[in-house]
Structures are given as C-alpha cells and as structure tokens.
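Please keep the sequence and the 3D view open while you read this note. Go through the points in order and find each residue as it comes up.

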Amino acid sequence: MEIEFRTFATFRQTAGQKTFTREYDDDGTIGDVLQSLSEEYPEMELFDDEGDLREFVSVLKEGRDITHIDGLDTELEHGDTISLFPPVAVLQFGVEPVDVC
C-alpha cells in the first residue's frame, strides 16, 4: 500500500521535503511504518529507549491524532496520509514539560 507522509518543522528539515510517499505491506500499522521511517531517518528520533513514541511527537492519520484511534496499532489503508509534528517547543526553546494533572 502507498502511504503519503507530511512533515513539519524539524522533521521536514530532516526529510528534506514537505511530502513524500512510501510503499508498505498491506497489513501495516502506524507503528510499522513509523519504525521503518525511523530506520530511514534516525535523526527524527521518533521512539524513546523503550520503543514508545517520544513524548510530544504528534502523529495524525487523515488529520486525526492516533492517540484517539488505536495509537501505534492504528491500521492503515492504501492512500492514507500521515502527518508528523515534532516536539517543536521543547527542541527549539528548551521549554521543560509541565505536568498539569
């Protein structure tokens, strides 16, 4: 299946392009394609040491945050668009995350 990626901020700089497509197996999940993408672009640092998506990295499938679907287990279909947003404020401004709960 073909998946389109849209990158923003530092992820766009790393990928060198705003949008690009990649081919994956038909039964892939968000986690599968992000793992493949992190191997292609390790400097994106999508995952932490435990293999979880890094805090403040936002991933949208068709404009919907994957945390409101099935997280990394979210299934994909041919032609889906994945948008990737890095933790811009933390990286660029040195802002410490605040626990508001």
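The points below go from the overall fold to single residues and pairs.

1. Start with the source. This is a predicted model. Keep that in mind at every point below.

2. Next, the parts list. The chain has 3 helices and 5 strands. Along the sequence they follow the pattern β-α-β-α-β-β-β-α. Trace that pattern once in the 3D view before going on.

3. Now some totals for the chain. It has 101 residues, and 36% of them count as buried. Its accessible surface is about 6300 Å². Carbon and sulfur atoms make up 45% of that surface. Look at the contacts too. Among those with a separation of 6 or more, 55% are between residues 24 or more positions apart.

4. Which order do the strands take in the sheet? The order is β2-β1-β5-β3-β4. The sheet is open, has 5 strands and shows mixed pairing. β2 and β4 stand at the edges. Each has a single partner strand, so one side of each lacks a neighbour in the sheet.

5. Look at one pairing inside the sheet. β1 and β5 run parallel, and 4 bridges join them. T7 in β1 has L84 in β5 as its bridge partner.

6. Stay with T7. Is T7 buried or exposed? T7 has a relative accessible area of 0%, so T7 is buried. Beyond residues up to four places away in sequence, T7 touches R12, A15, Q17, K18, F20, M44 and L84. Note that L84 is also the bridge partner of T7.

7. Move to the largest nonpolar core. It holds 21 residues. F5, V59, I82 and L84 touch the most other members. Which of them gives the most? That is α2, with 4 residues.

8. Zoom in on I82. Leave out residues up to four places away in sequence. I82 then touches I3, E4, F5, R6, I30, V59, L60, K61 and L76. Two of these, F5 and V59, are also among the core residues that touch the most other members.

9. Turn to the charged pairs. How many salt bridges does the structure hold? There are 4. One of them joins E4 and R6, with the closest N and O atoms 3.3 Å apart. E4 has a relative accessible area of 24%, so E4 is partly exposed. R6 is partly exposed as well, at 37%.

10. Another salt bridge joins R22 and E40. Their closest N and O atoms are 2.6 Å apart. R22 is in strand β2 (residues 19-23) and E40 is in helix α2. The two are 18 residues apart, and the pair links distant parts of the chain. R22 is partly exposed, with a relative accessible area of 22%. E40 is partly exposed too, at 36%.

11. A further salt bridge joins D80 and K61. Here the closest N and O atoms are 3.6 Å apart. D80 sits in the loop between β4 (64-65) and β5, while K61 belongs to strand β3 (residues 58-61). They are 19 residues apart in the chain.

12. The structure holds 4 aromatic pairs. In one of them, the ring centres of F5 and Y24 are 6.3 Å apart. Their planes are at 75 degrees, so the pair is edge-to-face. F5 lies in strand β1 and Y24 in the loop between β2 and α2, so the pair ties together parts 19 residues apart in sequence. F5 and Y24 are both buried. They also belong to one aromatic cluster with F20 and Y41.

13. Compare that with F8 and F85. Their ring centres are 4.2 Å apart and their planes are at 10 degrees, so this pair is stacked. F8 lies in the loop between β1 and α1, and F85 lies in strand β5. The two are 77 residues apart. F8 is partly exposed, at 26% relative accessible area. F85 is also partly exposed, at 29%.

Methods:
Residues are numbered from 1 along each chain as its sequence is written. This is a predicted model: local features need pLDDT of at least 70, side-chain atom pairs count only at pLDDT 80 or more; totals for chains, interfaces and linings use all residues. Side-chain values use heavy atoms; hydrogens and water are left out. A nonpolar core is a set of buried Ala, Val, Leu, Ile, Met, Phe, Trp, Tyr and Cys residues joined through side-chain atoms within 4.5 Å. Buried means under 20% relative accessible area, exposed over 50%, partly exposed in between (1.4 Å probe, protein chains only). Contact means heavy atoms within 4.5 Å. A salt bridge is a side-chain nitrogen of Lys or Arg within 4 Å of a carboxyl oxygen of Asp or Glu. Accessible areas come from the Shrake-Rupley method with a 1.4 Å probe; for residues, only the protein chains shown count as cover. Two strands pair if DSSP finds at least two bridges between them. Rings of Phe, Tyr and Trp (its six-membered ring) pair if their centres lie within 6.5 Å; planes under 30 degrees apart count as stacked, over 60 as edge-to-face and the rest as tilted.
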